[in-house]
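Student: I have a new model open and want to learn how to read it. Can we go feature by feature?

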Amino acid sequence: MEDQFVSKKVYEEKKAPSVNGFLMLFVTIVIIAASVAAIVVGSMMLYNEQTVAGGLLLGTGIVVLCLSCFIFPGFKVLGPNEALVLTLFGNYYGTLKSEGFYYVNPFCTAVNPTVSVFSSGLSQIANTGRVSTGSTGSTLSKKVSLKAMTLDNNQQKVNDELGNPIIIGTVVIWQVVNPVKAVFNVQNYKTFLSIQCDSIVRNTARCYPYDTCESGDEKSLRGSSQEVADIMKQELQEKVSIAGLKILEVRIANLSYAPEIASAMLQRQQAAAIIDARQKIVDGAVSMVEMALTKLNENNIVELDEERKAAMVSNLLVVLCGNKDAQPIVNSGSIY
């Protein structure tokens with residue numbers, strides 16, 4: 001039985017054969033000047049009826065001048081942190097990664113799948129899917145940027161570990177480290193990164209709750225955002241290594257409950273906050289009452305029996321724990 005899968009060719013990055021661009025520019029100028037001079041001299045010789053030599057010189061000058069036009073596509077200029085992946089008649093030719101002015105085979109073609117140009121003058125950036133009108137005849141650069149770039153992943157609705165719908169958005173800082181893999185191994189490395197980021201965010205969010213439970217022992221998306229982001233970074237790096245990309249950082253930029261449960265979850269959080277506050281108030285009130293009774297006994301200010309102590313404790317707790325100001329009542333008689 002024949003193999004159903006054909007092994008994919010692995011391209012190793014290599015430096016493209018090139019010469020100094022300034023040297024080749026000087027040679028090109030000399031060739032053009034010589035061809036122009038040959039045309040002028042040939043025309044003058046024909047005018048002086050030196051037909052054979054003049055015609056030969058004129059024809060040679062015209063041919064050389066026309067052929068010199070094919071030299072110019074070979075000039076390439078690279079800035080800092082830029083790369084140029086070149087192919088020659090469909091085969092990988094080499095890569096230029098150092099900044100400078102180069103001259104390569106004029107029949108080489110730069111490859112960058114994230115950029116495409118229509119002949120009508122409309123330019124399309126493949127990674128955004130939007131079409132923008134450019135000047136007629138203008139071309140987009142096929143250089144592959146090696147700079148650190150930011151992917152602002154769109155907010156998406158996912159379910160956390162408990163099944164609660166949440167809204168989560170991430171920011172990914174990344175860069176191309178192997179332009180050959182980025183160009184040849186995937187169709188569009190920017191779109192590939194965006195889709196993989198969506199998948200990683202969804203899978204990771206399903207493994208953790210939005211918030212911690214009462215015990216607070218497990219990780220959560222809100223309480224352990226940095227740890228969760230590091231896990232996303234590691235998994236995303238494994239997915240995009242085939243495209244020659246390096247993930248520098250992943251951060252959770254947006255995290256909230258979905259609108260349909262946001263109000264209910266807010267009430268739960270408010271209730272939990274009220275309970276915690278009341279617990280602290282009661283603990284403080286009890287300690288204050290205990291301190292008051294201790295001071296009264298130590299200084300022998302007044303002797304209180306158990307019933308009067310209970311009344312005093314009750315009154316103090318009502319004053320200290322109430323959520324409204326207490327109305328004082330002066331008792332001029334006895335409680336008995």
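**Reading helices, sheets and turns**

Tutor: Start with a pair of helices: the crossing of α4 and α5 is right-handed. Keep in mind that this is a predicted model.

Student: Which residues of α4 and α5 make the contact?

Tutor: From α4 come F192, L193, Q196, C197, I200, V201 and T204. From α5 come V228, M232, E235, L236, K239 and V240.

Student: How many nonpolar, polar and charged residues does the contact of α4 with α5 have?

Tutor: By class, nine are nonpolar, two are polar and two are charged.

Student: What describes two packed helices in general?

Tutor: The angle between their axes and the distance between those axes. Here, α4 covers residues 189–205 and α5 covers residues 225–240. They pack at an angle of about 135°, and their axes are 10 Å apart. That angle makes α4 oblique to α5. The cut-off matters here: over 145 degrees would count as roughly antiparallel.

Student: Now sheets. How do strands of a sheet pair in general?

Tutor: Through backbone hydrogen bonds, in a parallel or an antiparallel arrangement. Take the open sheet of three strands, with the order β1-β5-β2 and antiparallel pairing. Its edge strands are β1 and β2, and each of these pairs on one side only.

Student: Over how many bridges do β1 and β5 pair?

Tutor: Two, in the antiparallel sense. β1 is residues 19–20, and β5 is residues 100–103.

Student: Where do the side chains of a regular strand go?

Tutor: They alternate between the two faces of the sheet. Burial is a separate reading. β4, residues 91–96, is mostly covered, with five of its six residues buried.

Student: What do β3 and β4 form together?

Tutor: A hairpin, with two residues between the strands. β3 spans residues 82–88. The pairing of β3 and β4 is antiparallel over five bridges. L86 stands opposite G94 in β4.

Student: Which residue in the turn has a positive phi?

Tutor: F89, at about 55°. Note that F89 is a residue other than glycine. F89 sits in the loop between β3 and β4.

Student: Is F89 buried or exposed?

Tutor: F89 counts as exposed because its relative accessibility is 68%. The cut-off for exposed is over 50%.

Student: Where is N81 placed, and what is its phi?

Tutor: N81 is in the loop between β2 and β3. Its phi is near 55°, again a positive value in a residue other than glycine. At 46% relative accessibility, N81 counts as partly exposed.

Student: Let us step back to the whole chain. How many helices and strands does its secondary structure come to?

Tutor: Seven helices and 14 strands. The chain has 336 residues, and 30% of them count as buried.

Student: What share of contacts joins residues at least 24 apart?

Tutor: The share is 65%, taken among contacts between residues at least 6 apart in sequence.

Terms used:
Residues are numbered from 1 along each chain as its sequence is written. This is a predicted model: local features need pLDDT of at least 70, side-chain atom pairs count only at pLDDT 80 or more; totals for chains, interfaces and linings use all residues. Side-chain values use heavy atoms; hydrogens and water are left out. Axes are lines fitted to C-alpha atoms, for helices over the stretch in contact, and angles run from 0 to 180 degrees between N-to-C directions. Helices (H or I, at least four residues) and strands (E, at least two) are DSSP runs, numbered from the N terminus. Angles under 35 degrees count as roughly parallel, over 145 as roughly antiparallel, 65 to 115 as roughly perpendicular and the rest as oblique. A crossing is left-handed if the near helix is turned anticlockwise from the far one by less than a right angle, and right-handed if clockwise. Contact means heavy atoms within 4.5 Å. Ala, Val, Leu, Ile, Met, Phe, Trp, Tyr, Cys and Pro count as nonpolar, Asp, Glu, Lys and Arg as charged, and the others, Gly among them, as polar. Two strands pair if DSSP finds at least two bridges between them. Buried means under 20% relative accessible area, exposed over 50%, partly exposed in between (1.4 Å probe, protein chains only).
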